[in-house]
Amino acid sequence: FNSLSPLRTIGRQVLNIASATTGELEIRDASVEFEIASLDEIMVHEAQWSIVDGGTFRTSPFAFNPSVPVVATTIECENVDLHRWLTLITSGRADGEGRLAGRFSMAWDPRVYPRLRFLDGSLTAQVEPGWIATSDASALSHLLDEANPDFAIDARLAEVKAKIVAA
């Protein structure tokens with residue numbers, strides 16, 4: 001720090017975290033490169049971490065105001081365990097097996113529910129084969145419609161969608 005009043009750092013700082021638990025996630029080998037420009041701005045140049053299942057994550061640079069801690073950034077991930085994340089984000093309504101990689105935008109705001117929102121992006125299967133299963137036909141139907149709007153207007157695709165949801 002080069003000033004405590006107002007709080008400010010001399011250039012970039014690095015915070016390393018060997019392990020931590022937040023909610024149901026066990027984080028390992030985390031590193032955050034940041035600088036405090038002013039009381040109203042903390043700039044995170046890069047954050048990266050892994051989780052106990054072997055998945056790795058890295059953020060794009062972002063800034064936030066500590067008094068209004070809303071964070072919006074893009075996250076790149078590799079080797080993400082599909083089973084762990086599907087059961088977590090669907091509260092057990094879906095399950096799967098496989099490994100994913102991709103990039104997605106997210107926003108975190110501790111003042112609203114849900115605190116974490118996924119905005120856009122894509123995840124793709126890595127080399128090994130996998131599967132996804134759900135007993136929530138309504139959610140599956142909605143997911144298919146979001147993935148491809150043609151399911152609602154193309155008769156052939158509507159028939160395919162109906163067979164997928166019925167299975």
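Analyst: Start with one term. A strand is a DSSP run of E, at least two residues long, and strands are numbered from the N terminus. This model is predicted. In it, Asp29 lies in strand β4, which covers residues 25-38.

User: How many helices and strands does the protein chain have?

Analyst: There are 4 helices and 12 strands.

User: How do I read the radius of gyration of the protein chain?

Analyst: Set the value against that of a compact globule. For 167 residues, such a globule would have a radius near 15 Å, but the protein chain has 20 Å. Then look at the box. Along the principal axes, the C-alpha atoms fill roughly 65 × 30 × 25 Å.

User: What share of the 167 residues is buried?

Analyst: Buried means under 20% relative accessible area. Here 28% of the residues are buried.

User: How far apart are the mean positions of the positive and negative charges?

Analyst: The protein chain has 14 positive and 23 negative charges, and their mean positions lie 2 Å apart.

User: Back to Asp29. Is Asp29 buried or exposed?

Analyst: The cut-off for exposed is over 50%. Asp29 has a relative accessible area of 59%, so it is exposed. Its backbone deserves a look as well. Phi of Asp29 is near 50°, a positive value in a residue other than glycine.

User: What is phi of Asn79 near?

Analyst: Phi of Asn79 is near 60°, again positive in a residue that is not glycine. Asn79 sits in strand β8. Partly exposed lies between the buried and exposed cut-offs. Asn79 counts as partly exposed because its relative accessibility is 32%.

User: Why does Thr73 count as buried?

Analyst: Thr73 has 9% relative accessibility, so it counts as buried. Thr73 lies in strand β8, residues 71-81.

User: Which residues does Thr73 touch?

Analyst: Leave out residues up to four places away in sequence. Thr73 then touches Thr59, Ser60, Pro61, Phe62, Phe104, Ser105 and Met106. With Ser60 there is a side-chain reach to note. The side chain of Thr73 comes to the backbone oxygen of Ser60 at 2.9 Å.

User: Which residues does a cis peptide bond join?

Analyst: Check omega. Tyr113 and Pro114 are joined by a cis peptide bond, with omega about -5°. Pro114 is in the loop between β10 (99-108) and β11 (116-125).

Note on methods
Residues are numbered from 1 along each chain as its sequence is written. This is a predicted model: local features need pLDDT of at least 70, side-chain atom pairs count only at pLDDT 80 or more; totals for chains, interfaces and linings use all residues. Side-chain values use heavy atoms; hydrogens and water are left out. The radius of gyration is taken over C-alpha atoms; the globule rule is 2.2 Å times the number of residues to the power 0.38. Buried means under 20% relative accessible area, exposed over 50%, partly exposed in between (1.4 Å probe, protein chains only). Lys and Arg count as positive and Asp and Glu as negative; His and the chain ends are not counted. The place of a charge is taken as NZ of Lys, CZ of Arg, CG of Asp or CD of Glu. A polar contact is a pair of N or O atoms within 3.5 Å; within protein, one must be able to donate a hydrogen and the other to accept it, and residues adjacent in sequence count only if both atoms are side-chain atoms. Contact means heavy atoms within 4.5 Å.
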